[in-house]
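Here is a friendly walk through one model, meant to be read with the viewer open. Please have the chain on screen and follow along.

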Amino acid sequence: MNEALVLAQSLTLLTGLKKQEQLRLFIHIGSTAQFCSLKGSDIEALLERPLQSSQWNAEQLVDRAHKQLEHYMKRSVNAVPYGDVAYPPLLTELADPPLILYYRGVLPDPEQPMVAVVGTRNPTGAGRTQAYTFGFDLGSKGIAVVSGLARGIDSMAHRGNLEGGGKTVAVLGNGLDSVYPVSNRALALRIFQNGGCLISEYPPGVPPYKWHFPERNRIIAGFARDTIVVEAPEHSGSLITAQFALDQGREVWIGSVCRTSPQGQGGRTLAEDGAIYIDSVQALFNEWNQVMNETAQEE
């Protein structure tokens, strides 16, 4: 088994560590052998603070991690640690990249751009139609949609992408041994069976806690070259995804339905701040072609 993965999984078992601390230890320690050679006081020195638990047994943590990973693989849940050649390179640009990505299916091709399509769980009919159309049209061009498998806009974008021939990617806010919401189990199965991927930074067994969804939104934005907010009211979680995309220097677009939709105030606010309305994904392709031409001219 991948030694780096076992080390990463071991670090997730340390009680009370923040994600950034797990990643820092992972990068510093480097191997399970070195991890097992450390004392609890060594870990505390690296963290510059005391551990929550006074009991320290690195060998036991490594053994537990190994058994957990074997159990996950038997349930068709694979995992890739930060720094691995298979780890999605765009996610390394995040301020706090996941230490481990758990996944079912096939990880997306890093050479192929993806587009995030997100929005409210309670869309209007026009919003549902536009999300599906964006997903379908992107899929027909071989572009995968990445979204959060939530009800509403996310689900319609995933469905459209599947039916357009895309290998859509769903980022979940819980472990991959279950699907939330339950109503999207059939959709999750279709994604898995059609060459797409279900991804989570949370190991199997972790429930969909409320605070997980803003956290997973940074991964959705991180995967995507561009983000489309189809329809979003004020305080919509999709606006968090948009902000992550902007923080990463990615382009954010607003579905044209937001112009008049009762569920579109959040989108209209983004437009006031400079985001561009879009009624066809052709606008994205035009922008990409322009960037490619400008880059070629500079070279």
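Predicted model: local features only at pLDDT ≥ 70, side-chain atom pairs only at ≥ 80, totals over all residues.

Is S76 buried, exposed or partly exposed? S76 is partly exposed, because its relative accessible area is 37%, where buried means under 20%, exposed over 50% and partly exposed in between (1.4 Å probe, protein chains only).

Residues are numbered from 1 along each chain as its sequence is written, and side-chain values use heavy atoms, with hydrogens and water left out.

Helices (H or I, at least four residues) and strands (E, at least two) are DSSP runs, numbered from the N terminus. Contact, or touching, means heavy atoms within 4.5 Å.

## Two nonpolar cores

A nonpolar core here is a set of buried Ala, Val, Leu, Ile, Met, Phe, Trp, Tyr and Cys residues joined through side-chain atoms within 4.5 Å. The largest one has 38 residues, and L11, L25, I29, F35, I43 and L149 have the most contacts inside it. At least two residues of this core come from each of α1 (3–12), α2 (19–29), α4 (40–47), α5 (58–74), β2 (100–105) and α8 (185–193). The largest share, 6 residues, is supplied by α5.

To see one of these residues in its setting, click on I29: leaving out residues up to four places away in sequence, I29 touches L7, L11, Q34, F35, L38, I43 and L46. A second, separate core has 31 residues, including A144, V146, I220 and A242. In soluble globular proteins, nonpolar side chains tend to be buried together.

## Helices α6 and α7

Two packed helices are described by the angle between their axes and the distance between the axes. For α6 (residues 125–140) and α7 (residues 153–163), the angle is about 35° and the axes are 6 Å apart; axes are lines fitted to C-alpha atoms, for helices over the stretch in contact, and angles run from 0 to 180 degrees between N-to-C directions. On the α6 side, the contact is made by G127, R128, A131, Y132, G135, F136, L138 and G139. On the α7 side, I153, M156, A157, R159, G160, N161 and E163 take part. These residues divide into 7 nonpolar, 5 polar and 3 charged, with Ala, Val, Leu, Ile, Met, Phe, Trp, Tyr, Cys and Pro counted as nonpolar, Asp, Glu, Lys and Arg as charged, and the others, Gly among them, as polar.

How much of α7 is buried? Of the 11 residues of α7, 9 are buried, so the helix is largely enclosed by the rest of the structure. The buried ones are I153, D154, S155, M156, A157, H158, G160, N161 and L162. Their cover includes β3 (114–118), α6, β4 (144–147), β5 (169–171), α8 and α9 (212–223). After α7 comes G165, with a positive phi near 100°.

## Helix α10 and its buried face

In α10 (residues 237–247), the buried residues are S238, L239, T241, A242 and A245. Seen down the axis of α10, they fall within an arc of 155°, so they line one face of the helix; the arc is that of the directions from the helix axis to the C-beta atoms. The cover over these residues includes β3, α9, β7 (226–229), β8 (251–255) and α11 (265–272). G249 follows α10, and its phi is positive, near 75°.

I228 lies in strand β7 and is buried, at 0% relative accessibility. Leaving aside neighbours within four places in sequence, I228 is in contact with V115, A116, V117, V118, F134, W253, G255, I278 and L284.

G264 sits in the loop between β8 and α11 and is also buried, with a relative accessible area of 0%. Not counting residues up to four places away in sequence, G264 touches A232 and C258.

## Backbone details in the loops

S76 belongs to the loop between α5 and β1 (78–81), and its phi is near 65°, a positive value in a residue other than glycine. E48, in the loop between α4 and α5, has a positive phi near 60° and counts as exposed, at 73% relative accessibility.

Finally, look at the loop between β5 and α8, where P181 is found. A cis peptide bond joins Y180 and P181, with omega about 0°.
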